[in-house]
Amino acid sequence: MRLNNMKDERIRKKCIAIVLCMLLLSVMLIVAVNTNKNQNEGGEYITSEDASRLLEYITDKTFDDAFWDNEKYVTVSKGREIYSELCGNAAVYPISGKGEKKKLTEEEWLTIYMACVEKLEMSEMVYQADYTIISEVSGDENKNKVYTEKGLVEYQGIDLSKEKYRNNRYLMYDKVIIYKIEENQEDAVVKNVWLDNYSNNVLRIYTMDGYMELTDVPLEENVEETIADITVGDGQVKNVALKKDLIHGKILSLNDEGVEIEGYGKLQYEEGFSIYRTYGELSVGGKRDLVVGYDLAEFVVGDGKLCAALVRKTPDMQNIRVLIKSTGYAEIFHDNVSMQVTEDTLVKHGDTEETVKAGTTIELTADSEWMQEGRVYITPVNSNGRITLTSIERACGQPSYRGKFEISKVDGRLIVVNELLLEEYLYDVVPSEMPQNYGIEALKAQAVCARSYAYNQILYNGYAQYGAHVDDSVSYQVYHNIEENEDATRAVKETCGEVAVYDGQVIDAYYYSTSCGVTTDAGIWDCAEEKPYITSHTVNEGREYLDLTTEEAFSAFINDKSYPAYDDDVQWYRWSTRVSLEQLKKNIDNNMMSRYQANPDNILTRNEEGEYESVPIDTVGTIKAINITKRGEGGVATEMIIKGSKNTVKVLTEYNIRLFLAPVNTNLKRNDGTYVDSLSMLPSAYTTVLPVVDEEDKETVIAYEMSGGGYGHGAGMSQNGAKSMAAQGKTYEDILKFFYEGIELKKLY
């Protein structure tokens, strides 16, 4: 009886164990099923909807529900079909060891997708990138845009509402987020933002993309009007690092790496360096707000680098800094500098200041003791004092300068910068740019043009790396080549501080010597910035628009020597020259490489497919044909094709055309019958270019004849036109408003 009981107990326990095992297996099966279900529903597998959407970015082929067999997910088989369709080689399908009916994971799908992208040569358009979403951007114009640590980014077909303060890897089309790939663990730092306002854990910041609001930001101190770095990650704002150290001083030089500040030396930009204009309405600034020679900004400093610049006031630009070139305007560097002072003069080098007596000559080379201590500053004690540069020559002899000088050493040679009042600068620019006998109203127009042009050049910081705004050559405005005269100085004084403005902005007041009877527009330089005040019109009382963009229309116009214009009595109004084929080949070969290096996009060579591309060449070979193939407004030649035995070249811009067609070793006949010899470039690009054949062999071209008119680029004010208008009783305001469309005159100071 006892044995039977024991046997029954064993059977009972065995049954219980079996039941428990079955229960455990059931639980495991349920978990597995649910896990698989969760994977399917949760997005580990790629849906056919997402796949179709992504395929639309790289192909026009249709992948509709019928293609997917109405399945929700992409299978291995469908992935193979897509790969074969787009890449044309299913044999190297990147997914292996998986059944055809199995679903593709997102990772597997992206492997296939990116292989298709590469095969279709779209890797520059479709790529992967990391972004952290900082804030949505308000306003209808910012729909489907978010602010990230890298700035404003667009998105399409994806919900980013749950990605705030998270660092993710995304699939991009051009600059648009189109798919989230995976979440990263790294934090992101938004550098050098302006903290505008803080209340109830909401921080309002200002960036280059405008105002943003960050929520759930715990701060314990007032942070308004402060620069900071903001660290975000894991869905939260982790840190706000304030930057309160400020410095300021006169900017001595600047470049893409940093700024040289008086009293602090050269400081580099931190990555993410920002510029904010804090006067008036807060706005993001640009490098034009950092002007050499001025103390307009406070710099935020962190770890020895410049984090941000706070520009506190509007610049009035009463001073200009001119880089003085060597004799003949040959170069910006000097091997030695010799100057004589007319008054007692303060000389500063390093920490030493000393006064030298009137009449003293100062000699400097790169090896001079003074130059070893940095810049040398030479400033007359009396504001009327002059400094004569005896180491250079100009048309007026050895020029004597107002203002002060700074001498610096760059690459073992000297840079010479003259700083003076803008008005005093104009005393020497106007006579160098316009003869005294042109009349006071023309000179006043020239003064306003020169002041407007100089104002913008100060902002452009053309020689910022050397601490100057302009140089003293024709590259900007000629300065101190001709001695001052009473009329020019009077013209400057009577227009003191006056500039020409369009839509509230000071214009680039381009000018040139003589028109051909019509002006052109700013398209002559293919300007990215619109200049609606530079227009094409006739230079006469009628001020009409003439369409001279065709060869027929322009040829008829330029060969009409009696066409009336304000400057039709000037010798440069019409001209002609004939340049031999041999000389043209020399011109072209001598200038080809240098002009290509100056701007490769303006010298294009025809390839075997008949397309023009930018490649360096040094010759066209024997010239077979020269043709003007495009004219700008007013008929100015802007495109020329030279066909040679070795290369066919497309030459762009009026300047390059004038160089290539230069009458070197040739005379040029002017409107009054006089001749000039061996010009280094054509007077203008308002010209026809016609072949001249041999008298005996009519098939052989021996030269090209250019018939043209005007002197200079032809955009803006004709100086000889201004002279004639002044002689007819026009005021300087009349003259300026004739040549510059829709402008007004305004006082800077």
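**View 1. Asn 192 and its contacts in the predicted model.** Beyond its neighbours within four places in sequence, Asn 192 is in contact with Ile 227, Ala 228, Asp 229, Lys 243, Glu 270, Glu 271, Gly 272, Phe 273, Ser 274, Tyr 276 and Cys 307. The structure shown here is a predicted model. Asn 192 belongs to strand E6 (residues 188–199). Its relative accessibility is 0%, so Asn 192 counts as buried. The side chain of Asn 192 reaches the backbone oxygen of Cys 307 at 3.0 Å. Ile 230 is 38 residues away along the chain, yet its C-alpha atom and that of Asn 192 are separated by 8.2 Å.

**View 2. Thr 132 in strand E1.** Thr 132 has a relative accessible area of 0% and is therefore buried. A polar contact of 2.8 Å joins the side chain of Thr 132 to the side chain of Asn 167. Leaving aside neighbours within four places in sequence, the contacts of Thr 132 include Tyr 147, Thr 148, Glu 149, Tyr 165 and Arg 166. Asn 167, Ala 188 and Val 232 are also among them.

View 3. Helix H4 covers residues 106–119. Its 14 residues, at 1.5 Å a residue, should span 20 Å, and the end C-alpha atoms are 20 Å apart, so the two values agree. Which residues of H4 are buried? They are Glu 108, Trp 109, Leu 110, Ile 112, Tyr 113, Cys 116 and Val 117. These buried residues pack against two helices, H2 (48–55) and H3 (76–87). They also pack against strands E1 (126–136), E4 (167–173) and E5 (176–183). Just after H4, Glu 121 takes a positive phi of about 55 degrees.

**View 4. Packing of helices H3 and H4.** Two packed helices are described by the angle between their axes and the distance between the axes. For H3 and H4, the angle is about 10 degrees and the axes are 9 Å apart. Angles under 35 degrees count as roughly parallel. H3 and H4 are therefore roughly parallel to each other. H3 contributes Gly 79, Ile 82, Tyr 83, Leu 86 and Cys 87 to the contact. H4 contributes Trp 109, Ile 112, Ala 115, Cys 116 and Lys 119. By class, the residues of this contact are eight nonpolar, one polar and one charged.

**View 5. Lys 531 and its partner Asp 508.** Lys 531 sits in the loop between strand E31 (511–512) and helix H8 (551–558). Is Lys 531 buried or exposed? Its relative accessible area is 8%, so Lys 531 is buried. The side chains of Lys 531 and Asp 508 make a polar contact at 2.6 Å. Apart from neighbours within four places in sequence, Lys 531 is in contact with Asp 508, Tyr 510 and Ala 522.

**View 6. Asp 234, a residue with positive phi.** Asp 234 is not a glycine, but its phi is positive, at about 55 degrees. Asp 234 lies in the loop between strand E9 (226–233) and strand E10 (236–243). At 39% relative accessibility, Asp 234 counts as partly exposed.

**View 7. Asp 503, a residue with positive phi.** Asp 503 has a phi of about 55 degrees, although it is not a glycine. The loop that holds Asp 503 runs between strand E29 (498–502) and strand E30 (505–506). The relative accessibility of Asp 503 is 70%, so Asp 503 counts as exposed.

Technical notes
Residues numbered from 1 in each chain as written. Predicted model: local features only at pLDDT ≥ 70, side-chain atom pairs only at ≥ 80, totals over all residues. Heavy atoms only, no water. Helix = DSSP H or I, 4+ residues; strand = E, 2+ residues; numbered from the N terminus. Buried < 20%, exposed > 50% of the residue type's maximum accessible area, 1.4 Å probe, protein only. Polar contact = N/O pair within 3.5 Å; in protein donor to acceptor, adjacent residues only side chain to side chain. Contact = heavy atoms within 4.5 Å. Expected span 1.5 Å × (residues − 1). Axes fitted to C-alpha atoms, helices over the stretch in contact; angles between N-to-C directions. Parallel < 35°, antiparallel > 145°, perpendicular 65-115°, else oblique. Nonpolar A, V, L, I, M, F, W, Y, C, P; charged D, E, K, R; others polar.
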